[in-house]
Amino acid sequence: MDSGFKEELRRLMGTKEVRVPLVFVKGRLIGGADQVVKLEEEGKLEILFDGIPRGLAGGCEGCAGVRFMMCVQCNGSCKVLDEMQKKMVRCGECNENGLIQCPICC
């Protein structure tokens, strides 16, 4: 949802080739979907989450737990009217997808 997170993953992984989804638990890379399924089948996945409180799915009233919401300045179009120049310009509030981080939970 945000290219900044993709860049952060590239730095963490030390490579430009980053395929998502990737699961990190307590700052440690667990792997992709295949590795997570394997850990679950082996009964080892739950152990990794020991000590982490369970959150409520969809608990945030603003974003329903997604952590992002549509930009309220441009309504997700990434463009706003510059009154001075009388032309459409790039919205300075949102990311490249017209989204902002939820102001309630993030």
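## Strands 1 and 2

Valine 23 has glycine 31, in strand 2, as its bridge partner. This pair is part of a predicted model. Strand 1 covers residues 23–25 and strand 2 covers residues 28–31; the two pair in the antiparallel sense, with three bridges between them.

Two residues lie between the strands of this hairpin, and lysine 26 there adopts a positive phi near 55 degrees.

## Methionine 70

Strand 3, residues 68–70, contains methionine 70. The relative accessible area of methionine 70 is 49%, so the residue is classed as partly exposed, given that exposed requires a value over 50%.

When neighbours within four places in sequence are set aside, methionine 70 contacts Asn75, Gly76, Gly98, Leu99 and Ile100. Cysteine 94 is 24 residues from methionine 70 in sequence, and their C-alpha atoms are 8.3 Å apart in space.

## Aspartate 82

Aspartate 82 belongs to strand 4, which runs over residues 79–82. The residue is buried and forms no salt bridge. Lysine 87 provides the nearest side chain of opposite charge, at 7.2 Å from aspartate 82; a salt bridge would need a side-chain nitrogen within 4 Å of a carboxyl oxygen.

A polar atom of the aspartate 82 side chain is 2.9 Å from the backbone nitrogen of methionine 84. With residues up to four places away in sequence not counted, aspartate 82 touches Lys87 and Val89. Lys87 is thus a contact of aspartate 82, but not a salt-bridge partner, as aspartate 82 has none.

Technical notes. Residues are numbered from 1 along each chain as its sequence is written. This is a predicted model: local features need pLDDT of at least 70, side-chain atom pairs count only at pLDDT 80 or more; totals for chains, interfaces and linings use all residues. Side-chain values use heavy atoms; hydrogens and water are left out. Helices (H or I, at least four residues) and strands (E, at least two) are DSSP runs, numbered from the N terminus. Buried means under 20% relative accessible area, exposed over 50%, partly exposed in between (1.4 Å probe, protein chains only). Lys and Arg count as positive and Asp and Glu as negative; His and the chain ends are not counted. A polar contact is a pair of N or O atoms within 3.5 Å; within protein, one must be able to donate a hydrogen and the other to accept it, and residues adjacent in sequence count only if both atoms are side-chain atoms. Contact means heavy atoms within 4.5 Å. Two strands pair if DSSP finds at least two bridges between them.
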